[in-house]
Amino acid sequence: MKSSLKFLLFSLFVLSMLAVLIMPSCKHHPDDLVPADTTQNPIDTTTNPIDTLVCDTCPEGVVSFSEDIQPIFNSQCAQAGCHDAATHEEGLVLNTYQNIMATTDIAEKGLGSDVWEALNETGDDMMPPNGPLSNDQLNLIKAWIQQGAQNTTCTHTCGCDTNQVSYSQFVAPKLQSFCIGCHSNSSSQGGVNLSGYANVMTYAQNGKLMKCINWESGVSAMPKGAQKLNDCTISKIQSWINQGSLNN
């Protein structure tokens, strides 16, 4: 009996000593607690910042058809009674890339095309008839043709900053590109004139401008016969109105 008790006590002593020796090897370094699945680890944005702004910018020097050229044709040429789908004066429909390519000789003749020559006419043959394109607009079309008259859809901006939107730097140029061809002092279709700050502010404050560019029911969707303005442009114009429609 005493021998058995001594053996049991000795065995317990040996097991306890082994436990003491083994325990240090079982301690965990904090790094050991990181899960093996590295997808669960947070990304250090200080050394690998995440760009949360999704954008498709044009390579340097590339003219965007969707952003630079189509607004000019839609605003200045593809109007009711001229080169829209319904009228197609002289067989030309200039409201989309596909129609421009199908009804003009730009693809074949480039700067020797009838359209390019017409845009540079003066006097009674001047196109558009309500006034010539600006030098900047002509230069954009020329560069686009020289680059192969491609259906480029890239944009020139990344992100959408709606803080402190400027009338002179953003709103007015956008209206010039997309609206003034139909809604100016010389061509106020639908009785709407967007030439000058005072006229623009009237439609901005009465809500009609945003209803039209948001394509709300009960109003004419603008730009007429063209694609809807991109979300960023609409948001920036809305922000300018929210900030008081300032002449800034």
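A search of the whole structure finds one salt bridge. This is a predicted model, where local features need pLDDT of at least 70, side-chain atom pairs count only at pLDDT 80 or more, and totals for chains, interfaces and linings use all residues. Residues are numbered from 1 along each chain as its sequence is written, and side-chain values use heavy atoms, with hydrogens and water left out.

Me: Why does Asp105 count as buried?
Reply: Buried means under 20% relative accessible area, exposed over 50%, partly exposed in between (1.4 Å probe, protein chains only). Asp105 has 13% relative accessibility, so Asp105 counts as buried. Of the 248 residues of the protein chain, 33% carry that label.

Me: Which residues have the most contacts inside the largest nonpolar core?
Reply: Phe73, Ile106, Ile141 and Trp144 do, in a core of 21 residues. Such a core is a set of buried Ala, Val, Leu, Ile, Met, Phe, Trp, Tyr and Cys residues joined through side-chain atoms within 4.5 Å. A second, separate core has 20 residues, including Val200 and Leu209.

Me: What does Trp144 touch, not counting residues up to four places away in sequence?
Reply: With contact meaning heavy atoms within 4.5 Å, the list for Trp144 includes Phe65, Ile69, Phe73, Met101 and Ile106.

Methods. A salt bridge is a side-chain nitrogen of Lys or Arg within 4 Å of a carboxyl oxygen of Asp or Glu.
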